Amino acid sequence: MMVLDSQFKNHLITLMNLFEKYGGVPTVSRIVSRFYREVRERPTLRPYFEGVDMARLINHQVKFISHVLGQPASVYEGRTLEMAHGGLHITGAAFGEVAEILRSALLEAGMVPEDVATVMGAVARARTAIVET
């Protein structure tokens, strides 16, 4: 049996509350759709998505974000962050720009700043798995 430390347990409880607090999959779908709409409008980010099946990516991202926010009984079966972003040569600047778009989308969806900070903390921890250059 795996024992979780109290800080990690509290983090999971907070995230589960975020998924439920903000309306679940319908809200996450709106956030992800708005996020990718803006990402694809940015000239600096558009090249990362050339030739990508956006409907498939958006569907995948809704599942991933729902999982990250604590969707009950959610099991994420996608690729690791390293595998999904490997070879894309994502720069620190591009990562920062995408993170800012996500932050704006979360605020626009009605998340309070404290909850946005929780999500953005998870995003910041993922930076080393995504940024190559």
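Predicted model: local features only at pLDDT ≥ 70, side-chain atom pairs only at ≥ 80, totals over all residues.
The chain as a whole averages 85, and 84% of its residues score at least 70.

Next, display the entire chain as a cartoon. There are 6 helices and 0 strands, and the order along the sequence is α-α-α-α-α-α. Of the 133 residues in the chain, 33% are buried. Among contacts with a separation of 6 or more, 75% join residues 24 or more positions apart.

Now select helix 2 (residues 25–41) together with helix 3 (residues 54–68). The two helices pack at an angle of about 130°, and their axes lie 9 Å apart. Angles over 145 degrees would count as roughly antiparallel and those of 65 to 115 as roughly perpendicular; helix 2 and helix 3 are therefore oblique to each other. Their crossing is right-handed.

Finally, show side chains where these two helices meet. On helix 2, select Val25, Val28, Ser29, Val32, Ser33, Tyr36 and Arg40. On helix 3, the residues they meet are Met54, Leu57, Ile58, Gln61, Val62, Ile65 and Ser66. Colouring this selection by residue class separates the residues of the contact into 9 nonpolar, 4 polar and 1 charged.

Key
Residues numbered from 1 in each chain as written. Heavy atoms only, no water. Axes fitted to C-alpha atoms, helices over the stretch in contact; angles between N-to-C directions. Helix = DSSP H or I, 4+ residues; strand = E, 2+ residues; numbered from the N terminus. Parallel < 35°, antiparallel > 145°, perpendicular 65-115°, else oblique. Left-handed = near helix turned anticlockwise from the far one by under 90°. Contact = heavy atoms within 4.5 Å. Nonpolar A, V, L, I, M, F, W, Y, C, P; charged D, E, K, R; others polar. pLDDT = per-residue confidence, 0-100. Buried < 20%, exposed > 50% of the residue type's maximum accessible area, 1.4 Å probe, protein only.
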